[in-house]
Amino acid sequence: MLLFRTAVFKRLRLCRKCSSLSMDIQRYVSTKSHISEITFGDEQKKLIDLIVNKEKSVFFTGAAGTGKSVVLREVIRQLKTKYPRAQSVAVTASTGLAGLNIGGRTYQSYLGLGLGMEPVSDLVQRIKKSPKKTDVWLNCKVLIIDEVSMVDAKMITKISHIGKYFKKNMEPFGGIQLVFVGDFYQLPPVSDQKIIDFIQSEDLNNNTISSTKSGCFFAFESEEWKKAIDYEISLTKIYRQASDPTFIKMLNEVRVGEISNETDLEFKKLCLRNFQESKENLIDGSEYRLNSVEGSNVFPTRNETNKYNRKRLNTINATPVIYDAYKTGTLKGTREYEMINESIIVPDELTLKKGSQVMLVKNQSSSLVNGSLGYVVDFVSLPNYEHFEKKGTGNGIFDFLFDMKDKVKGNPNLERKVALRKQQQQDTEIRCLPLVKFVSTRGKTVQYKIISPEFFEYKDIETDDILFSKKQIPLILAWALSVHKSQGQTYHKLNCDLSRIFEDGQAYVALSRVTSREGLQLKNWNKDKVQINPVVKAYYKSKVKPVDNIINHNPSVEIFVNDAPTVVHNEENNLVNKKNNIALDENQLGEEIDFVDNSYFKNRGRFKSHFDEFGP
Ligand SMILES: Nc1ncnc2c1ncn2[C@@H]1O[C@H](COP(=O)(O)OP(=O)(O)OP(=O)(O)O)[C@@H](O)[C@H]1O
């Protein structure tokens, strides 16, 4: 009933049989079957142990598809069991979508930072005004930030100092255990306008003093990160492209910008395969008859992506059906609410037509998962769909939808179905949902599924209050996607035109989304267009080690023996447990703030020298 009361569709008004329909929807939503079991690899297990049992502050990274998210979800599960007390484990991420992926929220929202642009003193005052947010800080034992590569150094520094204040502890982040996750070889932090303004007002060439093109510094460049993180670890086994080891090798080379002639040639060869150009001609929406889908096209910006999808939608000569999302939540009316909304992958207004190419953005079953591609076959009401489906294949709704239209005449059974269908189409009160034909990569398997609305929401972990909720059909138009939106996603088919790539790591993010070379249609490959940030490369070379290396090179740290002492120190890695318990008062905080806001920039010489040291 609740699902029905929070009606998603304003334009497609709901039918009178509300209660039965809502039950049907619930039944369909709850048919989500389990997603295939994960068996953790050796290095994944060791990493989980290091964080959960050895309680180390860790940044863990790895190429796309090494299972960072999978490991993180397990770490969260185990930490929550270990620390059952409310708010002990802060589960956050740099974007809303990444947050959803691990059952958390953006760090700005969870930690009460808003946009986090203010100086530390203002942020502390802001947090203190909210008893809930104050408790978040006081109770926090472990702070998790996923996709940390998109958080800049200044923000990391601020979070550390706020932690010191609330924890009354001068250790970085007030002694909170840190679990930072991400891949700095993927997309860099987004521009912080204030930093750019500051840099420009100093009349300096920002290329010489910032690490990213947009004028930011990477999180790992922050002194607080350097002091707080015990281990900078890399997972090495790639699961996403497991079926194509050559492709794994090629992607690894693209990731670090060291592309061999062999890889270059292989990418060039991929470009020679037929690239499916966009279809400019008007089509009749009958593409669903095809047993293969066009690969997703990736574009660097959202505008280009939307424009391309709209253009393709307009080429279909069929009636548009518009689904408006139903949004609610206690944060409504705030900028934060808008930010969360922007980061949710499904749009406020989803326009579909028969024949639209779509991508599923929520798992439905072990074979229909986030990233599955298909075509909208038709729009059907749930009761009708169920009615025909119950009768089994060969005698179902599909008979009259497309297969047997010419055989209808003289067949009373089919005539009855067509009459029902007509009635349904005329009845504007009947709510219709998209029926999608999902096609596997090689077009070998085809599955039909009616897609019901789903919730995308953020809850307050303690009170269960819904802070943000969006109910929408979990589909997006999928002729094109932005590289930014595609980060973290897995696709089976991808069209990639690298001529538009402009950002460090962007080529790698785009290419590494697809599971095999077979699913990749490539255009304009030019190894010189692959851009790698030299600061990132230097950091990975000098600091980040595979899990196994850490065991070998730190014999004093017996971290993987079950009954080993919990804390074994190693001076070199600065692992000494130094809980000072120094209380900070407001005045000291003032000094702290000066330290944060001025020294960060005064220290740009350090960043410059860092850049020079490791730069090209
Ligand atoms: N131990 C495992 N066993 C089986 N499959 C795994 C395992 N670890 C990860 N995978 C699978 O590999 C794929 C990629 O995993 P995941 O999304 O966690 O990688 P990631 O490192 O977070 O990637 P990205 O950097 O692109 O976000 C997923 O389909 C996941 O289910």
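Serine 516 counts as buried, at 11% relative accessibility; buried means under 20% relative accessible area, exposed over 50%, and partly exposed in between (1.4 Å probe, protein chains only). The structure is a predicted model, in which local features need pLDDT of at least 70 and side-chain atom pairs count only at pLDDT 80 or more, while totals for chains, interfaces and linings use all residues. Residues are numbered from 1 along each chain as its sequence is written, and side-chain values use heavy atoms, with hydrogens and water left out.

**The chain as a whole**

- The chain contains 25 helices and 21 strands, where helices (H or I, at least four residues) and strands (E, at least two) are DSSP runs, numbered from the N terminus.
- Of its 616 residues, 55% count as buried.
- The chain exposes about 26,800 Å², and carbon and sulfur atoms supply 50% of this area; accessible areas come from the Shrake-Rupley method with a 1.4 Å probe, and for residues only the protein chains shown count as cover.
- Among contacts (heavy atoms within 4.5 Å) between residues at least 6 apart in sequence, 76% join residues at least 24 apart.

**The surroundings of the ligand**

- The ligand is surrounded by 17 residues, and the closest are Thr39, Gln44, Lys68, Ser69 and Arg513; a residue is near a molecule or strand if one of its heavy atoms lies within 4 Å of it.
- By class, this shell has six nonpolar, eight polar and three charged residues. Ala, Val, Leu, Ile, Met, Phe, Trp, Tyr, Cys and Pro count as nonpolar, Asp, Glu, Lys and Arg as charged, and the others, Gly among them, as polar.
- Helix 4 (residues 68–82) gives the most to the shell, with three residues.
- From glutamine 186, a polar side-chain atom lies 3.2 Å from an oxygen atom of the ligand. The protein covers 80% of the 630 Å² of accessible area that the ligand has on its own.

- Strand 5 (residues 177–181) is largely enclosed by the rest of the structure, because five of its five residues are buried.
- Gln177, Val179 and Val181 point one way from strand 5, whereas Leu178 and Phe180 point the other way. In a regular strand the side chains alternate between the two faces of the sheet.
- Strand 4 (residues 142–146) runs parallel to strand 5 and is joined to it by four bridges; two strands pair if DSSP finds at least two bridges between them.
- Within this pairing, leucine 143 has leucine 178 as its bridge partner, and isoleucine 144 stands opposite valine 179.
- Strand 1 (residues 58–62) also runs parallel to strand 5, with three bridges joining them; here phenylalanine 59 stands opposite phenylalanine 180.
- Strand 4 is itself mostly covered, with five of its five residues buried.
- Val142, Ile144 and Asp146 point one way from strand 4, and Leu143 and Ile145 point the other way.
- Strand 2 (residues 89–93) pairs with strand 4 in the parallel sense over five bridges, and valine 89 has valine 142 as its bridge partner.

- Serine 516 is placed in the loop between helix 21 (506–511) and strand 20 (520–523). Leaving aside its neighbours within four places in sequence, serine 516 is in contact with Asp244 and Phe247.
- Isoleucine 229 is found in the loop between helix 12 (223–228) and strand 6 (231–235). With a relative accessible area of 7%, isoleucine 229 is buried.
- Leaving aside neighbours within four places in sequence, isoleucine 229 is in contact with Ser57, Val58, Phe59, Leu178 and Phe180.
- Isoleucine 229 and proline 172 are 57 residues apart along the chain, and their C-alpha atoms are separated by 9.3 Å.
- Lysine 158 belongs to helix 9 (residues 153–167) and is buried, with a relative accessible area of 4%.
- A polar atom of the side chain of lysine 158 lies 2.8 Å from the backbone oxygen of glutamate 118. A polar contact of this kind is a pair of N or O atoms within 3.5 Å; within protein, one must be able to donate a hydrogen and the other to accept it, and residues adjacent in sequence count only if both atoms are side-chain atoms.
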